[in-house]
Amino acid sequence: MVGPLIPMGVIPETWNNVIALLLGVGFGFALEASGFSSSRKIMGTFFGYDFVVLRVFFTAAITAMTGIFYFDYMGWMDMSMLYINPYYVMSAIIGGIIMGFGFALGGFCPGTSFTGIAIGKIDAMVFSGGLFIGVFIFSELYPLFQGLYNSGNMGGAKIYDLLGMRETVFAFLLIVAAVGMFYGAAFVEKKVKKVEY
Amino acid sequence: MNKRYLLLAGIIIALGVGILFMPAKDTSKQTQPELLLAAIDDPSRFLSTDDITDRLVKKDPALMVIDVRSESQFKAFSIPGAINIPADSLLSASAQEILNQKEMDKVFYSNADVTSDQAWIICKRMGMQRIYVMQGGVNKWFNTIVKAEKPAEAAPIEAMELYQFRIAACQYFFGSPLMASTPKVAADKKKVSVVKKKSEAASGGGC
Amino acid sequence: MKRDGTFYINPYLGGILLGLVLFGTYYITGRGLGASGAVKSSVVSAVHTVAPVHAEENKYYSKFLSDDASPMSNWLVFEVIGVIVGGFLSGTLYGRLKLRVEHSPKITGKTRLIAALAGGILFGVGSQFARGCTSGAALSGMAVLSASGIITMMAIFGSAYLFSWIFKKLWI
């Protein structure tokens, strides 16, 4: 079976929602079991007392990336059929900065706040409520942001193309960088005073 | 440092080294310059005005005739059944949606061959399949179909049949024959269908 | 295994699990995971129900209302329901189910909730600009080495690092 299965028509679309639910269960379980339902555990990454976010996030990214590379190499999956989010230069950077600000105040991101809701965190519920308000505000004020939102469209650009690098080289460097960060994180964690939460 | 972590780090770095040795793949969906050049050299993208007309008359469901001239020119005169995508909006999202129909034969035309051929190259470069150019454009279409020239009396029978087909097609599109006299066309209707079958066989081989 | 809620799985194991889920998502659907997209779909359909004319006139909502809008927007709603179920399963397994406000001892619960609301609003706005949040844009984008994913990820973590020191009092 050559993936991606649904775009290739291997799995009928009627199974879409069932698959979504099952993958979501896996996603939610992995997040909650790693401790992403606690905002103070998440924020540990920025103060150096608990690097769980850094570890989980980069391990997940390089695991999935490695899987995709090997499956593509074996011919089990067509990498070029995967959806790539379009890159709008200014919009991506400004959106990222606003999200970072929200992260520092709220201590969650959307995915983790949903796992927080699942275990009864009231702050996560309030955060999610804020998400809805935020999306509503953006949509209502869209005419103001429209120019910025649509400027600098580079399509589904790949990072290695922008850097003028071969994709395999970039993938290798990303893995090395991730392992280096894990090592650094363990080093910093030893130095920083533990915070009870 | 925990030994198990060293092992994990070793595994992922080894996998990374493996990735490093994978052959570089061209992930861009654009056609390679060499292939594009070969495709431009190949005249099979040109379809004749008679072929298109024949398929229009038969209401071929897999045929999409695209006028790449400006909207004002399209409104002034266009081939019946054609849709208008001006060449400068060829890359817009709505145009792409129309063009991204794999099961359709997409035929571009402009006044002559230049703009339609440029549109063809753009779409070819984007990797589209089943795209063609109507040779001679709307000018040739008008001259051959609408203002069909009657062959000389001594002309071979094929030329005469082609002429009658053109007249009939013109009548089909515009209701009244512009050039031919009414009784003659009426008398020739049976012959027209014979000609159509012939050209179907011809175009069937061509596509 | 302790069931008092203090046990978390090894972060690398968690990361590999999450990575396999993400890989599976790409293998099956050809797309990555997401979270903010579900919020967007809900807001769009809620506004469309309450004020249909307004939603169709608004240039942003109408993008997602047309007939040819991505069916994946529905997909994300189901995925997020799954996330809540998965989180609940894990919370039950490790004994973490408890209705409470988690906050630093230096601030009151009320301050925490106000900060959470403000953070949520900002995250909601930012995720629309970046066309995805930490899961949809950053994590999924990194797995396929997309420029948007890696740039968004650096912007989120860079700015979060900076702002978290400004708002240090909220946390430690």
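Two strands count as paired if DSSP finds at least two bridges between them. With that in hand, welcome to a few close-up views of this predicted model.

**View 1. Strand β1 of chain B meets strand β5.** Two bridges join β1(B) to β5(B), which covers residues 131-134. The two strands run parallel.

**View 2. The open sheet of chain B has five strands.** Follow the strands across the sheet and you will read the order β1-β5-β4-β2-β3, with parallel pairing. Which strands form the edges? They are β1 (46-47) and β3 (83-84) of chain B, and each of them pairs on one side only.

View 3. Helix α3(B), residues 49-57, touches β1, β2 (63-67), β4 (105-109) and β5 of chain B. The direction of α3(B) makes about 120° with that of β2(B). Helix α6(B), residues 114-125, also packs on the sheet, where it touches β4 and β5 of chain B. Here the angle between the directions of α6(B) and β5(B) is about 175°.

**View 4. Two domains of chain B come into contact.** The domain assignment places residues 33-141 in domain 1 and residues 147-199 in domain 2. Six residues of domain 1 are in contact with six residues of domain 2. What classes of residue does domain 1 bring to this contact? Its side has two nonpolar, one polar and three charged residues.

**View 5. Chain A is built with helices and without strands.** From the N terminus on, the elements of chain A run α-α-α-α-α-α-α-α-α-α, a total of 10 helices and zero strands. Its C-alpha atoms fill a box of roughly 50 × 45 × 40 Å along the principal axes. Of the 197 residues in chain A, 55% are buried. Take the contacts in chain A between residues at least 6 apart in sequence: 64% of them join residues at least 24 apart.

**View 6. Chain C touches chain A.** The contact takes 107 residues from chain C and 111 residues from chain A. On the chain C side, the elements that give two or more residues include α2 (36-50), α5 (72-93), α6 (109-129) and α8 (147-166) of chain C. The largest share of that side comes from α1(C), with 18 residues; this helix spans residues 11-29. By class, the side of chain C that touches chain A has 63 nonpolar, 34 polar and 10 charged residues.

Conventions:
Residues are numbered from 1 along each chain as its sequence is written. Chains are lettered from A and ligands numbered from 1 in the order in which they are written. This is a predicted model: local features need pLDDT of at least 70, side-chain atom pairs count only at pLDDT 80 or more; totals for chains, interfaces and linings use all residues. Helices (H or I, at least four residues) and strands (E, at least two) are DSSP runs, numbered from the N terminus. A residue is buried if 20 or more other C-beta atoms lie within 10 Å of its own, exposed if 12 or fewer, and partly exposed in between; C-beta atoms are placed from the backbone. Two residues are in contact if their C-beta atoms, placed from the backbone, lie within 7 Å. Domain bounds come from an automatic or database domain assignment. Ala, Val, Leu, Ile, Met, Phe, Trp, Tyr, Cys and Pro count as nonpolar, Asp, Glu, Lys and Arg as charged, and the others, Gly among them, as polar. Axes are lines fitted to C-alpha atoms, for helices over the stretch in contact, and angles run from 0 to 180 degrees between N-to-C directions.
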